[in-house]
Amino acid sequence: MEKSTLEYALEYAGKGWPIFPLHTPEPGARCSCGRGNCQNPGKHPRTQNGVKAATTDEATIRRWWGMWPDANIGFAAGGSTKIVILDVDCDHDSGKFGDETLKGLEEQYGSLPETWLCLTGGGGLHYYFSYDGGDIKNDVNFLPGLDVRTTGGYVVVPPSLHASGRRYEWEGAHEPWDSQIAPLPGWLHDLIAHGKARPSGDGNRFEIPQTVTKGGRNRTMFRLAASLRAKGLTKSAILAAVWEENQKRCEPPLERREIETICLSAGRYERGPGLDKLQVAAVTEEKVENAAKGDFESLTNPSVLLAALRLPDPIEREMKLVELRGRAKELKRTRDFDRVLKVHQEALRKEWAQAAQAPEDIDLPDCPLSGLKCFGWSVDVKGVTRVSKKFSEEVQQACSHPVIITERLTNIDTRGERVKLAFYRDKRWKDIIVDKSTIASRQKIIELADAGIQVNSENARHLIQYLHDLEAQNAYRIPRKRCVSRLGWADSVRGGMEFVPYVTDVQYDGDPKYAAFFGAVRPAGDYIRWKERVLEARARSTALRAALASSFASPLMWPMGAQVFFLHLWGGTEVGKTVAQMVAMSVWGNPDLGALLRNYNATYVGMERMAAFCHSLPLALDEQQTVRNNRYFSMDTLIYNLCEGQGKGRGTKSGGIENVATWRLCVLSSGEGPLTDEKSGGGGKNRVIEIYCKDKLFEDAASMADFVKGNYGYAGYEFIKAMSEPTAMEEAKSIRDACRKLFLGIGRGTEKQAASAAMLAVGDYFSSVYVFGLSPDVAIQSTRTFCYALAGYLTDAAEVSQVERAYQWVCDWIAANPGQFERQQPGGIPYHDDRNKLWGKQTEAGYAVIASTLEEALTQAGFIVAACKKGFVERGYFVPGPKDVIKQLRVGGNRPRCYELVMPKLAVGELEEISDEDPDDPWREEQKTILFPGAQG
């Protein structure tokens with residue numbers, strides 16, 4: 001059986017290694033510390049004192065891993081262990097070439113001895129050595145890609161988890177249990193001790209020997225290249241100089257490929273301050289002055305001519321050449337001088353042409369992505385410039401500061417491509433994500449000026465060409481990543497579905513307004529305490545249980561094809577409705593207002609976009625009463641819009657059509673009143689389950705709110721992981737269908753409401769099993785009880801029907817306005833109140849109402865007249881005439897067109913209370929068998 005992390009930690013402590021707990025990487029490139037911008041996920045300490053808290057005490061270690069069972073393990077190097085670790089970073093995508101640096105060192109000094117070796121999850125290596133001295137300190141990047149860890153430092157040890165998803169592991173036979181640790185090699189000690197001050201021996205004081213024989217060529221050329229790098233030369237200049245010295249001094253010369261590799265390694269050291277222009281001019285002045293006094297051989301010495309030709313100032317360059325030509329004229333060898341000069345000029349032109357065509361590494365300070373190359377362009381701290389093929393001349397500036405592409409992003413929904421641009425201004429790097437079309441259009445690319453990039457109508461076309469060339473030439477160097485602009489289910493590149501943000505290789509690139517919303521879906525606090533406290537509160541309140549069920553049911557609606565619906569909690573103040581929403585949203589992340597909990601203060605379009613962003617997660621809307629009195633806001637319109645599950649096709653600025661957003665979720669709402677009323681359409685009532693909260697939902701609502709603000713986000717990840725199993729959705733569909741039959745059999749609610757309630761039952765059952773740890777048998781009985789309690793809140797079919805509600809309204813309207821109708825007095829004499837306008841009269845069947853008056857009243861009350869008229873006819877609420885339901889009757893001496901309504905005969909009866917304990921309920925045993933096969937009792 002594989003050992004646990006705790007067992008590994010205790011085993012290390014048994015060897016005398018001080019260890020301590022580290023944070024753990026989490027899906028979505030996050031860290032258990034909860035910071036959205038964590039730079040070292042899974043690598044920094046959980047303990048307050050960090051590495052200083054490292055210990056070998058077993059009780060302390062058990063206590064730590066009791067609190068954080070998935071914690072990574074940190075080992076405190078140096079100290080009493082006398083262990084020093086060489087950390088070799090090999091992440092070429094991030095510009096870390098520690099493996100190449102180490103290879104070069106081993107070629108010079110010999111291979112490292114066999115010792116303990118750890119393979120890091122990021123592709124690097126940790127070499128362990130013993131060392132008794134005290135002159136070595138922790139040093140980061142003491143050579144390119146090489147770090148050292150000793151006293152005061154620490155490393156991550158196996159089987160810790162890396163952010164890449166891989167684990168640290170010991171390499172083969174080089175485990176600390178089965179092999180011996182080697183002492184630190186002397187040459188490596190010297191390099192570590194001298195650090196960056198001596199990148200390659202004597203640095204810029206290196207003097208190359210006159211002759212370099214076989215066996216010392218690589219080392220000598222590397223030291224020469226490093227010394228030139230220390231002087232500030234560019235990589236192309238270093239290559240040219242080292243190649244020339246290789247041809248002159250090495251016996252036999254090294255091949256071009258070997259020289260390029262050597263110069264590449266040296267080029268990764270930090271550049272020196274560079275040669276001062278005055279110093280260059282002074283050296284050239286001295287050479288030309290001496291040559292102008294000498295013979296023809298001195299005059300045509302290559303070092304003299306090349307020094308003059310390489311002067312950056314064209315006037316100064318021409319003056320030196322005139323001075324040399326004057327001496328040649330004195331020697332009467334002007335033609336010979338011009339012939340030699342022409343040869344050197346031609347050679348230098350070819351060198352410049354090759355330099356313009358050769359892809360030089362873009363070398364920038366603290367560059368976020370190293371190793372980029374771009375033919376024909378020069379990129380440095382002064383900006384981006386096109387390199388002309390003309391000798392020593394640069395033209396066409398694309399930008400006055402460096403700009404590079406660091407990422408290529410493909411949206412998993414739209415398949416549209418974007419790029420991340422990084423640019424260096426104000427002594428720091430900034431970045432921005434833009435559409436590919438933006439950097440392909442002269443009109444659009446100017447918009448980047450708003451972000452701080454120096455682009456205008458003059459340099460726009462050059463910047464477009466540069467960015468095109470940069471991307472095309474670095475297709476395999478610029479990392480490609482998937483991006484997303486929303487939460488929830490998405491197609492996986494490996495087939496099937498995956499849930500955002502629980503995906504390691506997807507990043508957010510959507511609307512900045514929702515970035516905080518996206519970042520709020522993360523874990524924090526203590527999962528075990530959350531389960532204990534929420535389970536206890538869930539057992540006390542049907543309303544809270546329904547809210548939690550809606551939260552868990554939401555991500556199941558997309559794969560199960562369920563329709564969007566509202567779950568609305570309403571009642572007086574201080575009953576805990578908002579806290580219930582917070583508890584439900586703490587399943588997924590930070591439930592605070594402004595994070596995952598939002599309010600109704602938004603437009604219809606804003607609400608649609610919020611729902612599209614959530615996609616599969618519940619949309620929690622608080623304080624419905626904030627828009628109740630807004631005459632421009634219709635709750636029915638909002639319900640219909642959101643429950644459609646898709647947005648409207650809206651146009652774009654460029655004349656196209658926006659992608660139509662879709663969603664499948666539960667809208668978890670709260671307010672002081674119900675969402676619907678007697679005037680609401682039947683479709684609106686059908687799509688809402690409203691729960692009246694009469695009593696307080698929590699013993700201490702404020703305490704519960706504070707608790708879930710600090711403990712959240714674990715349950716959602718666990719739930720999605722469990723429901724992603726192949727058979728889970730099929731089981732969920734089976735339970736949903738059985739629950740829907742149960743609600744219909746109870747006789748409460750319409751088919752649509754029964755379907756919505758069945759989804760709540762599914763969320764309740766699976767959360768009971770996979771999150772709260774109930775056994776399937778116990779969860780079955782618990783969910784069944786919940787179904788019966790929930791059925792009491794479903795709306796009767798008569799309440800949903802607009803026709804029935806309209807008929808009841810008309811009866812009440814007539815009863816409330818007796819003075820508007822003629823009534824029969826004793827003796828059959830009609831009577832009405834002369835002070836009021838006459839609307840109709842009393843008849844034997846009920847009342848005759850003037851047609852126009854009734855239609856106007858229904859319209860003002862919010863009912864659809866045509867639907868009501870048809871429904872009244874079908875239900876027999878109108879007394880039919882010879883040809884139509886409208887007939888002419890005598891009212892007040894006139895004969896207007898009237899509807900004659902049949903008035904109901906009221907009967908007094910009791911509403912039978914629904915109870916799952918009712919022994920006469922015929923559905924009790926039958927549904928238990930359908931919904932929960934094999935359940936007993």
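Author: A cavity is a set of grid points where a 1.4 Å probe fits but cannot get out. In this predicted model, four cavities of 30 Å³ or more are found.

Reader: What makes one of them the largest cavity, and which residues line it?

Author: Its volume, about 40 Å³, makes it the largest. A lining residue must have an atom within 4 Å of a point, and those around the largest cavity are Leu854, Glu855, Leu858, Val865, Cys868, Lys869, Phe878 and Tyr899. Helix H29 (851-860) and helix H30 (865-875) are the elements that each give two or more residues to this lining.

Reader: How many residues of that lining are nonpolar, polar or charged?

Author: Six are nonpolar, none is polar and two are charged. Tyr and Cys count as nonpolar under the classes used here.

Reader: H30 interests me. Why is helix H28 called roughly perpendicular to H30?

Author: Angles of 65 to 115 degrees count as roughly perpendicular. The axes of H28 (residues 802-816) and H30 cross at roughly 85 degrees and come within 9 Å, which makes H28 roughly perpendicular to H30.

Reader: Which residues make the contact?

Author: H28 contributes Gln802, Val803, Glu804, Ala806 and Tyr807, while H30 contributes Ala867, Cys868, Gly871, Phe872 and Arg875. By class, this contact of H28 with H30 has six nonpolar, two polar and two charged residues.

Reader: What is the order of the open sheet of three strands?

Author: The order is S1-S4-S10, and the pairing is antiparallel. S1 (19-22) and S10 (154-157) pair on one side only, as edge strands. S1 and S4 (residues 72-76) share four bridges, and at least two are needed for a pair. Ile19, for instance, has Phe75 in S4 as its bridge partner. Helix H1 (residues 5-14) packs on the sheet and touches S1, S4 and S10.

Reader: Now the backbone. What makes the peptide bond from Glu251 to Pro252 cis?

Author: Its omega is near -10 degrees. Pro252 is in the loop between strand S14 (250-251) and helix H7 (256-266). A cis peptide bond also joins Pro158 and Pro159, with omega about 0 degrees. Most peptide bonds are trans.

Reader: And why mention the phi of Lys82?

Author: Most residues other than glycine have a negative phi. Lys82 has a positive value, near 55 degrees, and is not a glycine. Lys82 sits in the loop between S4 and strand S5 (83-88).

Terms used. Residues numbered from 1 in each chain as written. Predicted model: local features only at pLDDT ≥ 70, side-chain atom pairs only at ≥ 80, totals over all residues. Heavy atoms only, no water. 1 Å grid on protein atoms, 1.4 Å probe; cavity = no way out; pocket = protein on both sides within 12 Å on 5 of 7 lines; lining within 4 Å. Points joined across faces, edges and corners; volume = space filled by probe spheres on them. Axes fitted to C-alpha atoms, helices over the stretch in contact; angles between N-to-C directions. Parallel < 35°, antiparallel > 145°, perpendicular 65-115°, else oblique. Contact = heavy atoms within 4.5 Å.
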